[in-house]
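Please read them alongside the structure.

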Amino acid sequence: MMRDSSRPQRTTIPVENESWMIQITDDGSRTLIDPVTQTAFHSASGAAAETQHVYLRNSGVTQRLDAGLETRVLEIGLGTGLGLLLTLDAAMKTHATVDYYAVESEWLSADVLRQLNLGDFLADPSIAERFVDWRASIHHAAIGGTYHWSPHEGIHVAVCHVDALDWPQQSAGQFHAIYFDPFAPDVNPELWNADFLSRMRDLLTVDGRLVTYCVNRRVREQFELAGFDVQRVRGPLGGKREVLIATTRTKN
């Protein structure tokens, strides 16, 4: 097949014994991409920049942590762990308390995570090193398990290694922010329907925000059916033109 010459050609690096390849994104940060389907964990325009803009800033987490406020975050789709690490890095600067839950059915191995150089965009790169070491200590994470990590006083991380549809959310409490980051609706349609999204609505605090990268009309309709108010806002520089913020619908 002829390669589309209009698309920027970005550097890729093979990952041993894996179907994914590492892609160097435009801000220098690394992501993973399927070389066959072109399915990627992050925007090629910049993995770190996208994560900061779409998830930390749009959710209000950056502002909460800058103010030293206790913050609870749920991430649907841990992926490479970049959202988690950027959040913890911000929290440690102001000694804010963070309770972070991540739901992931295919938790990347420590060997893959180590090749992503996750510490390059952190003020404290040792957080990434400790995260990879923690993942390495869980040699054979069985699906269905929940694994806890406390890398710093006041910070608690729980990775729920389970299909999001099967995650028992009842004991999780409510969250100030939900980073909604599964693969696209054509890959994971079951996570983008009103039934599942209504579960997310129930997990938000009154003033909480769910943030995601997808803004297509059908997705917005599903969010609205689930009881959200949705807002399209400008996307990250060089990336998607618009991204989405969803809040629980205000009752009249």
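1. Which residue lies over the face of Phe 175? Arg 72 does, at 4.5 Å from the ring centre. Keep in mind that this is a predicted model.

2. Turning to pairs of rings, a search of the whole structure gives 16 aromatic pairs. One of them joins Trp 134 and Trp 149, with centres 5.2 Å apart. The planes of these two rings meet at 10 degrees, under the 30 degrees cut-off, so the pair counts as stacked.

3. Where do these two tryptophans sit in the chain? Trp 134 belongs to helix H5 (residues 126–137) and Trp 149 to strand E6 (residues 145–152), so their pair ties together parts that are 15 residues apart in sequence. Both Trp 134 and Trp 149 are buried.

4. Phe 180 and Trp 192 make an edge-to-face pair, with 85 degrees between the planes and 5.0 Å from centre to centre. Phe 180 is in strand E8 (residues 175–180), while Trp 192 is in the loop between E8 and helix H6 (194–203). The two residues are 12 residues apart, and the pair links distant parts of the chain. Phe 180 is buried, as is Trp 192.

5. Which residues do ring pairs link into a cluster? Phe 180 and Trp 192 belong to it, together with Phe 196, Tyr 213, Phe 223 and Phe 228.

Methods: Residues are numbered from 1 along each chain as its sequence is written. This is a predicted model: local features need pLDDT of at least 70, side-chain atom pairs count only at pLDDT 80 or more; totals for chains, interfaces and linings use all residues. Side-chain values use heavy atoms; hydrogens and water are left out. Rings of Phe, Tyr and Trp (its six-membered ring) pair if their centres lie within 6.5 Å; planes under 30 degrees apart count as stacked, over 60 as edge-to-face and the rest as tilted. Helices (H or I, at least four residues) and strands (E, at least two) are DSSP runs, numbered from the N terminus. Buried means under 20% relative accessible area, exposed over 50%, partly exposed in between (1.4 Å probe, protein chains only). A charge sits over a ring if NZ of Lys or CZ of Arg is within 6 Å of the ring centre and within 35 degrees of the ring normal.
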